[in-house]
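Subject: Structure handover

Hello,

Here is the structure I promised to pass on. Please open it first, then read my notes below.

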Amino acid sequence: MNETTIDISEINPVDLYGVNDAKLTTIKKFFPRIKIIARGNELKAIGEDNELSAFKQKIALLIAHLLKYKQLTENNIERLMNEDGTLENSETLRNEADVLVYGNSGLIVKAKTANQRKLVEEIDKNDMVFAVGPAGTGKSYTAVALAVRALKNKEVRRIILTRPAVEAGENLGFLPGDLKEKLDPYLQPLYDALRDMIPSEKLNEMMDGGIIQIAPLAFMRGRTLDKAFVILDEAQNATQSQFKMFLTRMGKSAKFIINGDPTQIDLPKNQPSGLMQSLSVLKGIKGISFVQFDENDVIRHQLVKEIIMAYNKSEK
């Protein structure tokens, strides 16, 4: 049996060990035949030479990850531990920058298509981005991931998700329940995305504390949305007056993403869509960007792509 000592003074030991040594416990599971002792800025390990060598390589990977990304989750630890590689050729470290959010049950949320990646790039460069295109292209899901990332990175103080409460053939007044119960079905896709990315108990806390707010578009009137990441979903169903009202709610240090599908407008025929007007009125304004999604971005069942292409062909 041999002994080695690893100096970890270049990082905060708590970042590696975790609260109550929770992360260290995870690390130890991958090296059951090594005795690991944590003492402040030093990590001592006792075991056979080949196992100690592998242990030192993995700790170097974890430290490199912390230095590069300023955080280390248990999911990060498991991926780096299971990876075949050294510090120089670590696939996990190379790909880590593409990750938007580490979700629940090991879920890794990344931009998966060219236009999803473009949406990520544009929101980093602009304060307002329009994501326009057909259903199933991940516009809303990617936008929610970007909002959660911004909140976790302390770039904003709250997330506000909103959409017009308009659907074909339905009227809120005739639906059963109180206002929240009437609106929840309309906002379900946003709830689903949040539940993928934030633990249920933490999500409830954030919603109860107003850190994450989900509300119909009409409730935005009169507000100033400062230090917030705001997503308007189903924007094609906002009227022109609603759209102008919403866009002018933008406060300091805010990010806005507006998602819409021009082919699914549910407004009455005599009521023009605010989204369609904005696409021409706002074109060319510095700080506002437009990302056009298409059937190549569809990430649902392959048939969804075929259906969209068939309808596009028919309409042409």
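Let me start with one residue. Thr4 counts as buried, at 13% relative accessibility. Buried means under 20% relative accessible area, exposed means over 50%, and partly exposed lies in between, with a 1.4 Å probe and protein chains only. Thr4 sits in strand β1. Its contacts, leaving aside neighbours within four places in sequence, are Leu43, Lys44, Ala45, Leu52 and Lys56. Contact here means heavy atoms within 4.5 Å.

Some ground rules. This is a predicted model, where local features need pLDDT of at least 70, side-chain atom pairs count only at pLDDT 80 or more, and totals for chains, interfaces and linings use all residues. Residues are numbered from 1 along each chain as its sequence is written, and side-chain values use heavy atoms, with hydrogens and water left out.

The chain as a whole

The protein chain has 12 helices and 11 strands. Both are DSSP runs numbered from the N terminus: helices are H or I with at least four residues, strands are E with at least two. The chain holds 316 residues, and 45% of them count as buried. Take the contacts between residues at least 6 apart in sequence: 70% of these join residues at least 24 apart.

Strand β1 belongs to an open sheet of 3 strands, in the order β1-β3-β2, with antiparallel pairing. Two strands pair if DSSP finds at least two bridges between them. β1 (2–7) and β2 stand at the edges with a single partner strand each, so one side of each has no neighbour in the sheet. Neighbouring strands are turned by 15° against each other on average, direction ignored. β2 and β3 are joined by 5 bridges. One pairs Ile37 with Lys44 in β3.

Helix α3 lies across β1, β2 and β3, at about 10° to β1. For such angles, axes are lines fitted to C-alpha atoms, for helices over the stretch in contact, and values run from 0 to 180 degrees between N-to-C directions.

Helix α2 (residues 22–29) is worth a look too. Which of its residues are buried? They are Lys23, Leu24, Thr26 and Ile27. Seen down the axis of α2, they fall within an arc of 155°, so they line one face of the helix. That arc is taken from the directions from the helix axis to the C-beta atoms. Their cover includes α1 (13–17), β2 (35–39), β3 (42–47), α3 (49–69) and α4 (74–82).

The sheet of 6 strands

The other open sheet has 6 strands, with parallel pairing and the order β8-β7-β9-β10-β6-β11. β8 (212–216) and β11 (288–292) are at the edges, each with a single partner strand, so one side of each lacks a neighbour in the sheet. The twist averages 15° from one strand to the next. Strand β6 (residues 128–132) runs parallel to β11, joined by 5 bridges. Met128 has Ile288 as its bridge partner in β11.

Two helices to find here. Helix α6 (residues 114–125) packs on the sheet and touches β6, β9, β10 and β11; its direction makes about 175° with that of β11. Helix α7 (residues 139–152) lies across β6, β7, β8, β9 and β10, at about 170° to β9.

Asn126 is in the loop between α6 and β6. Asn126 is buried, at 13% relative accessibility. Beyond four places in sequence, Asn126 touches Lys255, Gly287, Ile288 and Ser289.

The core

The largest nonpolar core has 36 residues; Leu194, Met197 and Phe229 touch the most other members. Such a core is a set of buried Ala, Val, Leu, Ile, Met, Phe, Trp, Tyr and Cys residues joined through side-chain atoms within 4.5 Å. Helix α7 gives the largest share, 8 residues. Met197 has contacts beyond four places in sequence that include Tyr141, Val144, Ala145, Val148 and Lys152.

One last spot

Gln271 lies in the loop between β10 and α11 (274–281). Gln271 is partly exposed, with a relative accessible area of 35%. Ala238 is 33 residues away from Gln271 in sequence and 9.5 Å away in space, C-alpha to C-alpha.

Best wishes
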